[in-house]
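Dear colleague,

I am handing over the structure below, together with notes on what was found in it. Please read the notes with the structure open beside them.

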Amino acid sequence: MPAPNAEVFTRLSALAAIDDPTSRSSKTIAETFTGRPLGSVPVGTTDDVAAAFGKARTAQARWAVRPAKDRASVLERYRELVIEHREFLMDVLQAETGKARWAAQEEIMGLMFAARYFARVAPGLLDAHSVPGAFPVLNRASVRHQPKGVVGVVAPWNYPMLLSIGDSIPALLAGNAVVVKPDSQTPYSALANAELLYQAGLPRDLLAVVPGPGTVVGAAIVDNCDYLMFTGSSATGRTLAEQCGRRLIGFSAELGGKNPMIVTRGAKLDRAAKAAVRACFSNAGQLCISIERLYVEKAVATEFTEKFVAAVRAAKLGAAYDYSADIGSLISEAQLETVTKHVADATSKGARVVVGGKARPDLGPLFFEPTVLAEVTDEMECGREETFGPLVSIYPVENVEEAIGLANDTEYGLNASVWAQSKPAGERIAERLHAGTVCVDEGYAPAWGTTAAPMGGMGISGVGRRHGPDGLLKFTEPQTVVVTRFMNLDAPGLVSQDKWQRLLMTLARGFRFLPGR
């Protein structure tokens, strides 16, 4: 199955929110599997970003007054188009990122889940709701949610549809406009979904995709937006948080992770070992919530390691626009260099390669074998730093207490996985882990796919949450409206101020018995 042809990418390039593409420089996007050019996209400037925000603000004013159910119907139509065009979308994803097709489908399913959940809950969450007033009967109070305005989304390359459009969906449903900066390596993934949103009835100016470098387009978005959603490294997240803080605008971010998996005695080792391959090497390990540290009780460490290594060896590494490959390519020379460097550093300091450990140029320019290391220490780069590639370290531990302590011994706190003798035992371990999500008897996908629950990180792994009610309401400004009826709080004409204040205090003391007090 070949990648989409050049005409497809030419069509998508025309959707970039750049007024005069012919006057702009362009960037050639390469097929990750082979390095062959797919097409070129115009490179945006600060003027393009300013123009996109100007149009977005006009469109947002009209969009915000439409009923939430009306907005939701557009996103429901988009979901149906995603399902209809899923094979095409997976082709684009694979061409830009090099991920295996099953991992591309995982991303498509994420878009479907997000559109379905937020379209269903948005009208209820955004509807005004009553709360107890200061003085019952006299005061009627309600809370409403106004949109922020224009939301900026700065998206990464590893899940370039889900983390650009998937984050735009709740912002749009909340009544905002959105300006997206896709990663420079993966602009077509965002543009392909923008095309489907326009087909679903979303006003063209309401969602703008502006390709270009972070130093130019990204910086201009931060300077213009009313709220920023970012996914990327913890280092970049800190910088953006400072910039948003200076402007006093809201900021939400999912950042890096050094995610642990715990395997205890009594766990189903065959299932754990097989699932660990997905948990560690999905998208060639280029996933914020993938597992990079395996803590296994010594009583079962040898057996688990044998089963895990056998499952890793059985996984097929390759380039294919079908489901014949289990693990795909890295996306760039920079990623390949990082993985190579981490393996070389670890082995030079005494780590042992259990399986893998080498680049595979025979398969393509950016392939690296899924790699498991033993005897890794904190002095090694991969000991505490996020590799973000197909590299995992395995550590035998004396008991569960040691496993929990080591799992929590990190600045990160994004995701974790637990495999124990029973579900209740796994849940008890999960409750003690410093991580935004924990999967019991799985790696990461069920937690990610549970869109009704918040998703995000503790520590340096993030700020705020995507998914769940918070994932939509963060794109709004809550507003309290209180209506005073019958009389206000001034003393009636024939009542002295002293008596009036005592009466008010008496009433206030009695309100503690009312619901909501």
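Arg432 lies in the loop between helix H15 (423-430) and S16, while Glu401 lies in helix H14 (residues 400-408), so the pair ties together parts that are 31 residues apart in sequence. Helices (H or I, at least four residues) and strands (E, at least two) are DSSP runs, numbered from the N terminus. Arg432 is partly exposed, with a relative accessible area of 43%, and Glu401 is also partly exposed, at 49%; here buried means under 20% relative accessible area, exposed over 50%, and partly exposed in between, with a 1.4 Å probe and protein chains only.

Before going on, please note that this is a predicted model, in which local features need pLDDT of at least 70 and side-chain atom pairs count only at pLDDT 80 or more, whereas totals for chains, interfaces and linings use all residues. Residues are numbered from 1 along each chain as its sequence is written, and side-chain values use heavy atoms, with hydrogens and water left out.

By the salt-bridge rule, the count comes to 28. One of them joins Glu195 to Arg11, with the closest N and O atoms 2.7 Å apart; Glu195 belongs to helix H7 (residues 187-200) and Arg11 to helix H1 (residues 6-13), so this pair ties together parts that are 184 residues apart in sequence. Glu195 is buried, with a relative accessible area of 13%, whereas Arg11 is partly exposed at 38%. Another salt bridge links Arg57 and Asp226, at 2.8 Å between the closest N and O atoms; Arg57 sits in helix H2 and Asp226 in the loop between helix H8 (214-224) and strand S8 (227-231), so parts that are 169 residues apart in sequence are tied together. Lys358, Arg360, Asp362 and Glu369 are linked in a network of salt bridges.

Helix H2 deserves a separate word. At 1.5 Å a residue, its 19 residues (46-64) should span 27 Å, and its end C-alpha atoms are 26 Å apart, which agrees; the expected span is 1.5 Å times one less than the number of residues. Its buried residues are Asp48, Val49, Ala52, Phe53, Ala56, Ala59, Gln60 and Trp63. Asp48 counts as buried at 2% relative accessibility, and its side chain reaches the backbone nitrogen of Thr45 at 2.9 Å. Not counting residues up to four places away in sequence, Asp48 touches Ala17, Ile18, Asp19, Arg24, Val43 and Val210, contact meaning heavy atoms within 4.5 Å.

Ala208, in strand S7 (residues 207-209), is buried at 5% relative accessibility. Leaving aside neighbours within four places in sequence, Ala208 is in contact with Ala17, Ala52, Val178, Val179 and Val180.

Ala284 has a positive phi of about 55 degrees although it is not a glycine, and Ala284 is placed in the loop between helix H10 (269-281) and strand S11 (291-297). Asp441, likewise not a glycine, has a positive phi near 65 degrees and lies in the loop between strand S16 (437-440) and helix H16 (445-449).

Key
Polar contact = N/O pair within 3.5 Å; in protein donor to acceptor, adjacent residues only side chain to side chain. Salt bridge = Lys/Arg side-chain N within 4 Å of Asp/Glu carboxyl O.
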